[in-house]
Every structure is written in C-alpha cells, then in structure tokens.
Amino acid sequence: MQYFTEHKWTQFVVLVTVFFALVIAIDPGTGGNLWRLQETRFWLLPDAVNDGLKFLINDWWVVETYDAELDLTEESTMIKEFTRALSGGILFSINLIRELLLGGVKTVVAFTSWDFISKNEWARIPALPWPAVATGAFLLGHYLGGRSLSVLAGVSTIYIAVFGQWTPAMQTLSFVLVAVPLSVILGLALGIIAYKNKSFESILAPLLNVAQSMPHFSYLIPVVVFFGIGDHAGAISTVIFATPPMIRLTILGLKKVSPAVLEAGMMSGCNPRQLMFRVLLPSARHDILIGVNQVIMQCLAMAVIASFIGARGLGYDLLVSLNMLNIGQALELGVSIVLIAVVLDKLSLAWANRQVDYFADLPFHLRHKYSLAFAGILIVFSVLAYVASMVFPEKANYLYFIGESQGISTERFWDFIVDWIITNTYDSVQSFNFFMITSILVPMKEAYLSMPVAATLFLVGGTGYIVGGLRSAIIVTAFIGFIALTPWWDRALITAYMTTFAVIISVMIGCTVGILCSRSPRATKVILLVCDTFQTFPSFVYLIPVIMLFGVSDLSVLIAVIVYATIPATRYTVEGLSNVPKTLQEAGSMSGVNRMQRLLKIELPLAFPHIMLGINQTVIFSLFMVIIGAFIGTDDLGQLIMQSLSQANGMGQGIVLGLCVAFIGLTVDHLIHTWAEQRKEALGAA
C-alpha cells in the first residue's frame with residue numbers, strides 16, 4: 001500500500017484501467033446519465049444569459065435622451081448611450097488615422113457637414129504619400145535596430161505598396177493603431193491596480209485565465225450585440241482579446257522591481273504617485289514594453305477574425321479570398337499581413353530592448369535628427385504628390401498609393417503553382433488523405449465519442465487528485481462537469497480528439513527538433529529565429545496552404561494546427577535545455593557518461609518542467625487553432641460558435657460555448673502547471 005501511495009505512475013495506471021472498465025461497462029443504450037447527462041434546467045443557461053443581456057441593453061436604467069437633429073426626446077438605456085458614445089469615439093479615431101494615411105472627408109464632416117464639403121472641394125485630408133511612409137519605416141528601423149531592421153521595415157513597406165495592397169494595409173494599420181493604445185492603457189491601469197491591491201489581483205487572476213483561454217470568435221458575439229457591426233466593433237473585440245497579456249506583464253514587471261530600488265525611492269521622499277510613475281514603472285520598463293509587443297501581436301492576430309463583424313483591411317480581403325478559394329490572391333494578402341506582423345514585432349522588441357542614454361547632452365538637431373529627416377522627406381513627397389495631382393488631374397497619382405489593379409501581382413504565378421501541385425500530387429495526396437482519415441482520425445474520433453460522461457469525469461478527477469490532491473481534483477472536475485451539463489458534450493469530445501491528435505504530433509516534432517537544435521549554439525539561434533517568425537504569422541495564414549493541398553477536411557485543419565502548435569513545443573524545449581547549468585553538464589561528463597546518457601539522465605530531467613510548460617502552451621495553441629479551423633469545415637465546438645454569430649439569439653449560446661472551450665484549456669493548464677511546479681520544487685529550481 002505504501003508503494004502504491006508513493007508512486008503516482010502506478011496510481012495513474014490503475015486509474016486508466018478503471019476508466020476503460022467503465023467505458024466497456026456503460027452501455028450507450030441503457031447507461032442513462034452515466035452515458036450522457038440528460039436534459040436539465042442547465043440547458044437553459046444560454047437562454048438565461050441571452051435574456052439577461054437583452055434586459056441589460058433594452059430595459060435596465062432607462063433614461064431620456066434628446067436628439068438635436070430630429071428635435072425629439074426619446075427613451076433609451078444607459079448601456080445603449082454608453083456603447084453609442086464609445087463606438088462613436090473609437091470609430092472617429094479609426095477614421096481620423098485612416099484618412100491621415102489614405103485621405104478622406106469623414107473627419108472634416110464630423111466637425112462641419114456634407115453640405116460644407118460639397119461646396120468646398122479643398123476641405124479634405126490629403127493622403128500620406130507612400131514613399132514618405134516607406135522612408136519613415138527605414139528611418140524608424142535604423143533608429144531602433146540598425147541597418148538590418150531598417151532594411152526589413154523599409155523593404156516590407158515598399159513591397160506592400162508596389163503589390164497594390166497599400167489601401168487595405170493602411171486600413172489594417174489604422175485599426176491596430178487605435179486598438180493597441182487602448183489595450184496598453186487599459187492593461188497598464190488594471191495591472192497597476194492589481195499590483196497595489198492583492199484582493200483585486202486574486203479576483204482578476206481567474207478572469208484573465210478564462211479570457212486568455214476563450215476562443216477568438218467568442219469575443220465577437222457580445223460585441224456585435226452591444227456595439228453593432230463595423231470597424232469600431234472589431235476594435236473593441238480586439239481590445240478585449242489583447243488586454244490580458246498586458247495586465248499580466250505589467251504585474252510581473254512591477255513585482256520584479258528590486259526591494260532596494262523601492263526603498264531608495266521611499267527614502268528619497270517620493271509620495272505613492274511619484275513612487276509608481278518615477279520609480280516602479282521606469283524600473284519595470286522592459287517587461288511592460290514586452291507586454292506592448294504582445295498586445296501588437298494579439299491585435300494583428302485578431303485582424304482577420306474581426307473582419308467577421310465588419311472590420312475592413314487585409315483581414316477582410318483575405319477572408320473573401322478564402323471563401324472564394326482564390327489561393328493566389330489569399331497568398332498575396334497573407335504575405336502582406338505577415339510582413340506587417342513581423343515588422344511591428346521586430347520594431348516593438350527593438351524598442352523594448354533599446355538602452356536609453358539619459359546622460360547624453362547632444363544639440364537639438366542631433367538629438368532629433370531622425371524626426372527632422374522624416375519631416376523634411378514628408379514635406380518633399382507631399383509637395384511632389386500635390387503638384388503631380390494638379391498637373392495630371394485625370395490620371396492616377398501613384399505617389400499617394402498604387403491601386404490593386406495597377407500594382408504588381410503574382411496571383412497568376414501562385415495559381416499556376418497551386419494547379420501544378422494539385423495536378424502532380426493529387427493521387428498521392430488523396431491516398432494519404434484517405435489513409436489518415438479512415439485509418440487514424442475516424443477511429444480516434446469514434447473512440448472519443450464512445451467515452452461516457454461518468455468515466456470521463458472519473459478519469460479527469462482522478463488525474464487531478466494524483467497530480468495536485470483534492471483541490472485540483474475538484475477544480476478540474478468542475479471544469480469538465482460544466483461541459484457535461486450542456487447539450488454539447490459530443491461536440492466537446494470532437495474538439496478534444498482533434499486537440500489531442502494535434503498535441504501528440506506537435507510535441508513529438510517540437511521536442512525532437514528542440515533537442516537536436518539545442519546541441520549547437522548556431523542551430524539554437526536559427527530555430528529560435530524560425531519560431532519567432534512563425535509565431536508572428538496570424539493564425540488564418542496557416543489555413544491557406546492546407547486548403548490548397550488537402551481541401552476541406554479534418555486533416556486540413558489538423559495539419560494547420562500542428563504547424564502552428566509545434567512552435568511553443570520547440571521553443572520551450574530549446575530554452576529548457578539551454579538553461580541547464582553548464583556546471584552540471586560538465587560534472588556529468590567528468591563522471592564518465594556519454595552525450596546520450598547526459599541528455600537522458602541530467603539535461604532532460606532538469607529541463608522537463610520547462611518543457612511541460614511548453615506542452616501546456618502547445619495545448620492552448622492547438623485549441624485556439626482547432627476552433628479557427630471551423631472556418632473550413634469541422635463539426636466541433638468552433639462550428640457552433642461560428643453559427644452563433646449569425647443567429648439572432650446566439651449571444652448566450654456563443655458565450656457558453658466559449659466557456660466550454662476555455663474550460664478544456666484551463667483543465668489542461670491547471671494539471672500541467674501544478675505538476676511542473678511540483679517538479680521544480682523537487683529539483684530545487686522553484
């Protein structure tokens with residue numbers, strides 16, 4: 001008995017044995033609630049959520065409002081007035097930035113009228129010449145990161161302009177330039193409050209866990225109901241999605257500030273406000289700027305998703321191209337999105353890592369040489385563009401922007417490549433597709449669908465107890481029990497089967513590649529660069545090549561998921577093995593072990609907690625991508641979430657479905673995080 005209680009793997013073997021015995025014993029026809037929980041009042045939860053939100057919108061806190069244009073007084077609710085004012089402010093900001101980049105009249109109309117615009121043709125904001133923007137990208141890249149970053153930023157900007165994607169790219173950029181500051185300000189404020197108030201932090205922590213585990217589509221449904229459809233709704237859903245990492249990194253950065261620095265600030269006479277803004281925040285600058293980088297990446301990840309509710313830009317055009325299976329055009333748009341993501345990622349990281357010289361005493365023209373250079377170039381190109389429009393009023397002015405029809409296009413080339421690949425690989429691809437679906441995926445799917453509720457809850461609860469004791473058992477059983485009480489248990493099992501398959505393959509590939517690359521410092525740098533690059537790709541981009549090769553099927557989704565989810569498994573394996581102390585490696589070598597023994601007996605056990613955290617991220621990445629894969633046809637929870645977007649009363653259902661997906665992720669997250677912390681304590685690395 002003592003052996004059984006001290007060896008968790010033995011307990012787990014017994015647990016799995018009992019689980020399979022329950023699966024065999026519970027008959028689907030006569031199992032009743034042991035097989036699937038029957039309909040209860042809990043099934044009405046989506047309707048209750050829907051009714052509650054409708055009451056909040058239409059009947060709670062009714063106020064009288066005056067419409068000056070119609071000269072009418074009407075009743076409205078405070079929520080509607082708040083959402084209307086917020087939507088108006090965000091939409092105005094997006095239009096202002098968009099018109100500064102592309103030109104327009106909506107901002108002027110906001111302060112005048114359409115009659116004023118029609119009478120005064122000069123009353124419009126001119127477009128910003130794209131050569132000036134490209135030059136600004138060169139200068140900003142050189143200022144933050146030197147020659148290589150300058151070339152990357154400038155050439156990427158020129159590519160977008162020359163290939164005729166300037167207008168949608170600037171629409172996307174205007175969307176990001178509004179969502180990012182809002183997310184940063186909100187995340188910074190909540191992070192500071194949580195740092196100063198432990199009770200608020202304890203309340204905020206589980207909310208952040210749920211928010212970061214919810215699928216992208218779940219954010220869209222309540223936003224559509226409260227704010228409508230359009231660029232403003234896309235920006236609001238993006239802010240909700242992108243704020244959690246900023247909050248976490250703000251709290252982390254503030255907690256990492258040395259107590260000695262804090263005491264020095266207090267001893268110098270700083271009041272609480274001065275201590276926060278002049279000591280703590282500057283000391284936590286690096287982590288906060290990393291948070292800004294994560295916010296930018298999250299905003300770009302939502303660029304395509306937000307197009308489902310009317311956000312314009314590259315994401316919307318990509319969505320249309322994918323719907324029409326226009327692969328060549330989708331690849332061009334995907335490259336543009338990737339370039340914007342990579343450039344903004346590198347610029348923000350360079351900003352975060354840049355050392356500020358507070359003691360430099362330079363004259364004004366040297367201190368602001370980049371700004372002065374850009375201002376001069378902007379004036380020159382603006383004058384040239386204006387003169388060109390006056391001299392050639394009937395012709396397109398390519399100094400402002402190059403239209404899609406006038407730009408270079410590789411669409412036919414990519415379509416030719418796609419046709420050639422499909423023609424020459426059709427038989428082999430279809431054979432592989434048929435084998436994978438019929439021999440592996442369908443049996444695995446049927447095996448998951450044969451799992452009774454009682455057996456699954458027993459397995460999950462038992463695993464929680466073995467890993468973390470009674471508390472963990474209650475938490476994970478509650479998460480999965482919530483899903484079991486809904487009518488979507490089978491859909492959740494399909495989601496779990498797809499995620500499991502993707503995680504297994506991703507972990508096998510990622511850990512193998514990570515172990516091999518960690519053997520060489522040069523290979524380590526290369527693979528981390530590859531991971532950084534692939535992680536900046538918006539998730540929808542991964543769907544393009546798989547649709548091209550495999551069509552619409554579960555296998556297509558899973559291949560895209562595997563490519564996307566392999567990144568964290570690889571990264572954490574490399575970083576975990578690289579962080580093993582050199583002294584321990586040398587001690588192992590001196591004791592006579594060979595390289596393989598050192599890897600298996602010393603390096604992997606020490607790096608295993610770090611690797612497990614990578615597997616945890618792999619699960620979360622897989623879950624996100626499986627839900628996004630519903631766009632090309634799956635029958636999991638993601639498909640139901642997408643359907644909720646088009647249903648009149650789909651708000652409650654979408655939120656509950658999102659919680660189901662989040663709880664799957666949180667269950668795995670809790671188990672792996674608890675186990676990893678225990679291993680760290682056992683190894684003395686906590």
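Entry 1: The model is a predicted one, in which local features need pLDDT of at least 70 and side-chain atom pairs count only at pLDDT 80 or more, while totals for chains, interfaces and linings use all residues. Residues are numbered from 1 along each chain as its sequence is written, and side-chain values use heavy atoms, with hydrogens and water left out.

I then asked which residue forms a salt bridge with R519. The partner is E603, and the closest N and O atoms are 2.5 Å apart; a salt bridge here is a side-chain nitrogen of Lys or Arg within 4 Å of a carboxyl oxygen of Asp or Glu. This pair links distant parts of the chain, since R519 sits in the loop between α23 and α24 while E603 belongs to helix α28, 84 residues apart. Helices (H or I, at least four residues) and strands (E, at least two) are DSSP runs, numbered from the N terminus.

I noted that E603 is buried, with a relative accessible area of 1%. The side chain of E603 also meets that of R598 in a salt bridge, at 3.0 Å from N to O, and R598 is buried as E603 is.

Entry 2: One of the pairs is R98 with D231, whose closest N and O atoms are 2.9 Å apart. R98 is in helix α4 (residues 78-102) and D231 in helix α12 (residues 231-255), so the pair links distant parts of the chain, 133 residues apart. Both R98 and D231 are buried, and together with R312 they are linked in a network of salt bridges.

**Entry 3: cysteines.** How many disulfides does the structure hold? I found zero, a disulfide being a pair of cysteine sulfur atoms within 2.5 Å. I also checked the cover of two cysteines: C270 is partly exposed, with a relative accessible area of 24%, whereas C660 is buried at 0%.

Entry 4: I looked up the second largest pocket and noted a volume of about 1600 Å³. A pocket is found on a 1 Å grid over the protein atoms alone, as an open set of points where a 1.4 Å probe fits, with protein on both sides within 12 Å along at least five of seven lines, and lining residues have an atom within 4 Å of a point. Grid points are joined across faces, edges and corners, and the volume is the space filled by probe spheres set on the points. There are 41 lining residues, of which F12, L459, T463, V668 and L671 lie nearest the centre of the pocket. The helices that each supply at least two residues of the lining include α2 (8-25), α20 (411-449), α28 (595-628) and α30 (651-683).

**Entry 5: a nonpolar patch.** I found I379, V383, Y386, V387, M390, V391 and F392 forming a nonpolar patch on the surface, with about 720 Å² of accessible area together. Patches are made of residues with over 30% relative accessible area and no salt bridge, with like charges joined within 9 Å and nonpolar side chains (Val, Leu, Ile, Met, Phe, Trp, Tyr) within 5 Å; the areas come from the Shrake-Rupley method with a 1.4 Å probe, and for residues only the protein chains shown count as cover. V387 lies in helix α19 (residues 369-391) and is partly exposed, with a relative accessible area of 43%.

Entry 6: I placed T524 in helix α24 (residues 521-536), where it is buried at 11% relative accessible area. The C-alpha atoms of T524 and V574 are 6.9 Å apart, although 50 residues separate the two along the chain. K445, in helix α20, is buried at 18%, and its C-alpha atom is 8.0 Å from that of M498, 53 residues apart in sequence.

Key: Buried means under 20% relative accessible area, exposed over 50%, partly exposed in between (1.4 Å probe, protein chains only).
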